[in-house]
Amino acid sequence: WAWALLVLWLVALFAGPALLVATGLALNPHGHAHLYAHGHPFVDARTLWGMPNAMDVLSNAPLSLAGLLGLLALRGRALPGATQAALRVFFAGLLFTGFGSALYHWAPDAAGLVADRLGMAITFAGALALAVAERVGQAPARPVLAVAFAAAVLSAAMPFTHGNVLPWAV
């Protein structure tokens, strides 16, 4: 299944926009259907204490807190190498997701969306590697972490740099 997912990601990477046009799917570079002219739909657009989109911004605090607490809990723990690395990436991703998403929701733009997605991508790479480490083994988890991390970072940036949202979707 991992090879199939990698092949699907590679197809999305190299044929993304053309594939969307050929199938009639219309997504803007932000990855949203064309329902919103600005391409940035939010749940809460209210201002609170001078903070725009306040609840969308503040809702990210628990993610950052969970990431920070997770990283602190890992200090001094003796865990197998790949599991330790995957957990560090996962918790760092949560921390970065909280900050990146808050930044994006505070002042939405295409660059902020990259920061928002980058944190999530790092978290997903850590979670995938952790699953492999726990279910398959430590040795296969190392390359999974490296490949998933690289693919995730590239996928998060592609909508901004190339207008190709399909690698992110995969």
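## Overall make-up

The chain holds seven helices and zero strands. Helices (H or I, at least four residues) and strands (E, at least two) are DSSP runs, numbered from the N terminus. Read from the N terminus, the order of elements is α-α-α-α-α-α-α.

This is a predicted model, in which local features need pLDDT of at least 70, side-chain atom pairs count only at pLDDT 80 or more, and totals for chains, interfaces and linings use all residues. Residues are numbered from 1 along each chain as its sequence is written, and side-chain values use heavy atoms, with hydrogens and water left out.

## Surface and contacts

The chain has 170 residues, and 38% of them count as buried. Buried means under 20% relative accessible area, exposed means over 50%, and partly exposed lies in between (1.4 Å probe, protein chains only).

Now the contacts, meaning heavy atoms within 4.5 Å. Take those in the chain with a separation of 6 or more: residues 24 or more positions apart account for 62% of them.

## Helices α5 and α6

Two packed helices are described by the angle between their axes and the distance between the axes. Helix α5 covers residues 110–135, and helix α6 covers residues 138–162. Their axes come within 8 Å and cross at roughly 165°. α5 is therefore roughly antiparallel to α6. Axes are lines fitted to C-alpha atoms, for helices over the stretch in contact, and angles run from 0 to 180 degrees between N-to-C directions. Angles under 35 degrees count as roughly parallel, over 145 as roughly antiparallel, 65 to 115 as roughly perpendicular and the rest as oblique.

The crossing of α5 past α6 is right-handed. A crossing is right-handed if the near helix is turned clockwise from the far one by less than a right angle, and left-handed if anticlockwise. The contact of α5 with α6 has 23 nonpolar, two polar and one charged residues. Ala, Val, Leu, Ile, Met, Phe, Trp, Tyr, Cys and Pro count as nonpolar; Asp, Glu, Lys and Arg are charged; the others, Gly among them, are polar.

V114 sits in α5. Its relative accessible area is 17%, so V114 is buried. Beyond its neighbours within four places in sequence, V114 is in contact with A156, A157 and F160. A157 belongs to α6. A157 counts as partly exposed because its relative accessibility is 23%. The C-alpha atoms of A157 and L118 are separated by 7.5 Å, though these residues are 39 apart along the chain.

## Helices α4 and α6

Helix α4 spans residues 81–106. The axes of α4 and α6 come within 8 Å and cross at roughly 30°, so these two helices are roughly parallel to each other. α4 passes α6 in a left-handed crossing. From α4, the contact uses G81, A82, T83, A85, A86 and V89; from α6, Q138, A141, R142, L145 and F149. These residues divide into seven nonpolar, three polar and one charged.

Q84 is also found in α4. Q84 counts as buried because its relative accessibility is 10%. Leaving out residues up to four places away in sequence, Q84 touches L74, R77 and L79.

## A loop residue

W49 lies in the loop between α1 (2–23) and α2 (54–58). Its phi is near 55°, a positive value in a residue other than glycine. W49 is exposed, with a relative accessible area of 75%.
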